[in-house]
Structure formats: structure tokens, C-alpha cells
Amino acid sequence: MILFESDYTEGAHPEIMKRLAETNLEQLPGYGNDKYCASAKEKIRSACRCPQAEIFFLVGGTQTNLIVIDSMLKSYEGVVAADTGHVSTHEAGAIEYTGHKVLPIPHVNGKLEPEAVRRFLEIFCADGNREHMVFPGMVYISHPTEFGTLYTKHELQALSQVCREYQIPLFLDGARLGYGLACEGTDVTLPDVAELCDIFCIGGTKVGALCGEAVIFTKNNMPKHFLTIVKQHGALLAKGRLLGVQFDTLFTDDLYLRIGRHAIEMAQLLKRGIAEKGYEFLLDSPTNQQIVILGNETMRELAKEVSFNFWENVDENHTAVRFATSWATKEEDVRRFLEILPTSV
């Protein structure tokens, strides 16, 4: 099988595995109080140009989202998100399980439009019954989005401005941030994200690490006793070194961006080949996620040799499916897939 099912089907980048092996027998303090976590934090602060950043390493994406949201919101507050956002659709109700409602807004190509957020907040504040309602206490976005689309710097600035006006934090889920930063033509940089967002995460799990997400609080706004809150959620890793070593490696010699660029190069090769075969895309994605419309018979035949993800039904004869490249995607696999893919009729 040729795997395009997701961007975390392999283990870890060889340089990370090498560092984990090299440091394996070192005796180090637990819970992230080791020299590798400290070094990784300094490298991330430097890459973000945010010397005041407070950073904490967690194991997984759902874990990160629910802990950040739960720790930042008051008991009567919810989180505003696109109706297609990860916290709205693919977190198995984890956010609601913490007692916080997800407040969905219609998306445009996976993105929250700043004016839609403003209008939502205006309507809430003007409602005479708002004391009986869930208060919007945070805005959540992901970059790239669930659809593989990207925010522009102007859009991030506008969202940030709305959040400032209503005095609520902007949280950017960067589970695939490395792939977004590596896209040709994007005008969003890591320092831009740090400047315009109150909290964001740098995903490792989907971008070359065995596991791990780095949570960055950019405005001296890490909740008090955050480590204790993490432990209350059962998410405090005793061997925090495992995350520190990985992120220290990812942020050495631009490995994180190099990993991202490779995935984007493979995605663009895949995209061009699929287009040349006459297929249409659900939307135009510049990232490592490409959502393609296939005839149902073609999809069934292709699934015998290629692994991909169901996305949505287009009509009774066509289905949209997602192909994802990663740091580990081989060019020969892309070319072999394009040989297998029949010309669209």
C-alpha cells in the first residue's frame, strides 16, 4: 500500500531518533525540568522573536487543546471556533467534557472570517439575556485549517484586533504549523504568529516528532500553576526529557522548516500530477493536505493500492478524499501513485 492517509503514519525523523538514543542513558530531572527542555524553550523563543514567551511541552494535540482552553476560560465561558474546526468536529467532545461549550461560526474554506467573529460578539453583547448564555471567552483557529488552507497575515491581524477589542484571547492551533510556514507564497512567519496570538502551539506529532506539542503563551499570560493544572488533567509526563530532546532537535539547524518544505514539495508534485490527470479539487490548498474529488468507482479501485481519508460526499457518484504528505513522504511513492491513478473521464 502507498500511504497518504495522514502525516503521522511514520515514527520520527532520523535526527530525532539519533538524539533520543544519544541521550537515553543520561540521568535527568523529571517533569520538564531538564536541560533539554530548557534549551528547546530558548530556541523556540529565539525563533519566535518572543523572549518573554512561556512554554510548556505536552504529548498530544487533543490534550493540548482541551488543557489550554479549560485553563484559560472561566466556568461560564465557551470557545468560538469555525464549525469545521478541530475542536468542533474531531475532538470527540473533549472540550465539552471539561465543561466548556464550543461556539461554532460558519467557515469560509475552513477559516474564520474576522467580520463574522466581530458580528458574533456584537450580537452576544447586545443580547439582553446574555447573563443566561455561555459567554464567548476565547477565539480558536488552526493554521493550517482542517481543509489545508492558510490565513494571511492581514487576516490574522484583523482577528487579533477583534479579540483585543473584546478582551478575549486568540488561540492558534498549530498542529501542522510547520507545513503552513513552509508554503511558498505565505506571508505569515513564526514571529507573526507569536505577535498576533495570545497562545499558540507548535505541533511536533505531525511534523517529524514521535509525539509532542509545544504550547506558547506570548503575553505573560500562562495560567497560574499551569503545571498543576496539567497534572490534574492527567497530562504531566514524568519523563519530560522525551519532549525536550525532540523539540531541541526540531529547532536546531532549521530542521522544523526543512521538514515542512519537503512535505510541501511532495504535496505540490502530487497536486500537479492529479490535476494533469483531469481531477478537480474540493478547494485550492497550498499545504500538505490535498482534497480531491473522485468518482466512487475510481475511489474503490484506488483504495486497493492506496490509503487515503474519506472527506465528504459530493453527490451520489462522487466523493471528496484527502491525500496528506509528510516529512517522510518519498518522491518515488508519489510518482508510483500517479502512475496508478487513472485519467479522469
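Student: Leaving aside neighbours within four places in sequence, which residues is F200 in contact with?

Tutor: This is a predicted model. Neighbours within four places are set aside here. F200 then touches C48, F171, L172, L177, L190, V193, A194, A214, V215, I216 and T218.

Student: Which residues touch the most other members of the largest nonpolar core?

Tutor: That core holds 59 residues. Apart from it lies another core, of 23 residues, with L73, A94, V102 and F226 among them. In the core of 59, the residues that touch the most other members are I44, F200 and I202.

Student: Is C48 buried or exposed?

Tutor: Buried means under 20% relative accessible area. C48 has 2%, so C48 is buried.

Student: How many disulfides are there?

Tutor: A disulfide needs two cysteine sulfur atoms within 2.5 Å. The closest cysteine sulfur to that of C48 is in C50, 6.5 Å away, so the gap is too far for a bond. For C211, the nearest cysteine sulfur is that of C37, 12 Å away. The count of disulfides is zero.

Student: Which side chain makes a polar contact with the side chain of R45?

Tutor: R45 lies in helix 2, residues 35–48. R45 counts as buried because its relative accessibility is 18%. At 2.6 Å, its side-chain partner is E42.

Student: What distance does helix 12 reach from its first C-alpha to its last?

Tutor: Helix 12 covers residues 255–276, which is 22 residues. At 1.5 Å a residue, 32 Å is expected. The helix comes close to that, reaching 32 Å.

Technical notes
Residues numbered from 1 in each chain as written. Predicted model: local features only at pLDDT ≥ 70, side-chain atom pairs only at ≥ 80, totals over all residues. Heavy atoms only, no water. Helix = DSSP H or I, 4+ residues; strand = E, 2+ residues; numbered from the N terminus. Buried < 20%, exposed > 50% of the residue type's maximum accessible area, 1.4 Å probe, protein only. Polar contact = N/O pair within 3.5 Å; in protein donor to acceptor, adjacent residues only side chain to side chain. Expected span 1.5 Å × (residues − 1). Core = buried A, V, L, I, M, F, W, Y, C linked by side-chain atoms within 4.5 Å. Contact = heavy atoms within 4.5 Å.
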